[in-house]
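Good morning. I will go through one structure, and I will keep to what can be read from the coordinates.

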Amino acid sequence: MTLFKEINNVRDQFNADLERISDLKNCEELKNRYLGRKGFVSKLFSGIGSVNPEERKDVGSALNSLKEELQNKILSAMNNLSGKTEQSRYRDYTLPGFPLFKGTRHPLTQAIDEMLSIFSRLGFDIAYGPEIETDWFNFSSLNLPENHPARDMQDTFYVDDKIMLRTHTSPVQTRYMTQHKPPVRIVAPGRVYRNEAISSRSYCMFHQIEGLYVDKNVSFADLRGTLELFCKMYFGPNARIKFRTSFFPFTEPSAEVDVSCFLCSGKGCRVCKYTGWLEIMGCGMVDPNVFKAVGYDPEEVTGYAFGLGVDRSVMQKLDIHDIRILFDNDIDFLEQF
Ligand SMILES: [Zn+2]
């Protein structure tokens with residue numbers, strides 16, 4: 001009998017045997033009988049040496065396809081059988097269904113999205129910058145030259161002498177201005193890092209939204225109008241703001257912005273520490289030195305910038321007293337939003 005004929009016999013016999021199997025154990029036995037080390041298929045393979053050379057290639061390929069066919073058939077038989085047993089064993093349609101867990105967005109993400117959406121409606125584009133920043137963008141370009149004492153205002157995580165984790169979102173301003181000609185109107189959200197002792201009031205990482213508007217004849221009144229509008233849209237139509245004079249190296253003049261407490265409407269409560277006001281951001285007119293650093297002409301253009309602390313706003317709005325809970329991944333806390 002030629003090897004071809006034997007191959008066909010084995011195939012017929014296998015198909016007949018396959019019809020008869022009823023469980024996984026049978027299937028395993030069938031697999032051993034045909035594809036095992038001493039099975040029919042390997043016996044056929046060992047006969048290949050006695051085939052005359054001109055036929056050997058065809059016999060080999062016929063044997064390979066037989067082996068593959070048997071493997072596939074056994075695999076699909078096993079899948080069918082295991083599916084059947086799983087079904088009969090576990091599928092009880094009278095049992096209650098599995099609950100579906102739905103995730104929610106983190107309260108910080110929700111706040112950032114809402115703030116960005118307000119600024120978009122006011123005509124601002126959204127810009128992003130890297131969290132690992134160079135000395136030039138994080139400090140020097142923002143009127144904080146080396147050895148400037150104001151650098152000590154921000155405890156910095158250094159990667160090396162010239163590279164650091166950004167301490168504020170302000171470097172996005174200078175990054176953007178080096179790549180775009182005025183007019184520029186952007187907001188830049190993101191994480192910032194400070195090497196501070198972690199406590200209920202401060203964390204080594206927090207979130208800011210930076211704003212920048214540069215054009216001809218931009219004035220302090222434009223800044224105030226924009227921020228007042230933003231606060232009414234975010235905190236509610238009764239929100240009022242006030243400016244207090246302040247200092248930042250990259251703006252002149254500079255101001256801190258307080259918004260009337262949205263909980264007590266300015267009467268005084270625990271959240272506003274009975275002052276009626278909440279600190280929400282720093283702002284000011286862009287310092288001419290910043291314009292010079294990015295190649296803008298300070299005689300041609302003026303601009304304002306602001307930096308809003310997202311975490312603090314969220315804590316005030318949600319009446320949270322420990323900033324750490326925002327970063328603890330505590331499901332019980334997060335599920336409430
Ligand atoms: Zn209050």
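This is a predicted model: local features need pLDDT of at least 70, side-chain atom pairs count only at pLDDT 80 or more; totals for chains, interfaces and linings use all residues.

What is Phe 306 in contact with, leaving aside its neighbours within four places in sequence? The contacts of Phe 306 are Gly 211, Leu 227, Met 281, Gly 282 and Cys 283.

Now helix α8. At 1.5 Å a residue, its 16 residues should span 22 Å, and the C-alpha atoms at its ends are 22 Å apart, so the two values agree. Which residues of α8 are buried? They are Leu 223, Thr 226, Leu 227, Phe 230, Cys 231, Tyr 234 and Phe 235. These residues cover an arc of only 130° around the axis, so they are on the same side of α8. Ala 221 and Gly 225, on the other side of α8, are exposed.

What do the buried residues of α8 pack against? Their partners are helix α5 (107-121) and the strands β6 (241-248), β7 (251-260), β8 (277-286) and β9 (302-309). After α8 comes Gly 236, which has a positive phi, near 125°.

Strand β4 (residues 184-193) pairs with strand β5 (residues 205-215) in the antiparallel sense, over 10 bridges. Within that pairing, Val 192 has Phe 206 in β5 as its bridge partner. Next, β5 and β9 pair in the antiparallel sense over eight bridges. Here is Gly 211 again: it stands opposite Phe 306 in β9. Then β8 and β9 pair, also in the antiparallel sense, over five bridges, and Gly 284 has Ala 305 in β9 as its bridge partner.

Is β9 mostly covered or mostly exposed? Strand β9 is mostly covered, with seven of its eight residues buried.

Lys 67 is in helix α4, residues 53-90. How far apart are Lys 67 and Tyr 93 in sequence and in space? They are 26 residues apart in sequence and 40 Å apart in space, C-alpha to C-alpha. Lys 67 has 17 C-beta neighbours inside 10 Å, so it counts as partly exposed.

Last, the backbone. Most residues other than glycine have a negative phi, and most peptide bonds are trans. The following places depart from that.

Two peptide bonds come up here. A cis peptide bond joins Pro 182 and Pro 183, with omega about 0°. Pro 183 lies in the loop between α7 (171-179) and β4. The peptide bond from Glu 252 to Pro 253 is also cis, with omega near -5°, and Pro 253 is in strand β7.

Then two residues with positive phi. Asp 319 is not a glycine, yet its phi is positive, about 55°. It is in the loop between α10 (310-318) and α11 (331-334). Is Asp 319 buried or exposed? Asp 319 has 10 other C-beta atoms within 10 Å, and therefore it is exposed. Asn 329, a residue other than glycine, has a positive phi near 55°. Asn 329 is placed in the loop between α10 and α11. With 9 C-beta neighbours inside 10 Å, Asn 329 counts as exposed.

To end, return to Phe 306 in your viewer and find Leu 227 and Gly 211, which are among its contacts. Leu 227 is one of the buried residues of α8, and Gly 211 is the residue opposite Phe 306 in the sheet.

Conventions
Residues are numbered from 1 along each chain as its sequence is written. Two residues are in contact if their C-beta atoms, placed from the backbone, lie within 7 Å. Helices (H or I, at least four residues) and strands (E, at least two) are DSSP runs, numbered from the N terminus. The expected span of a helix is 1.5 Å times one less than its number of residues. A residue is buried if 20 or more other C-beta atoms lie within 10 Å of its own, exposed if 12 or fewer, and partly exposed in between; C-beta atoms are placed from the backbone. The arc is that of the directions from the helix axis to the C-beta atoms. Two strands pair if DSSP finds at least two bridges between them.
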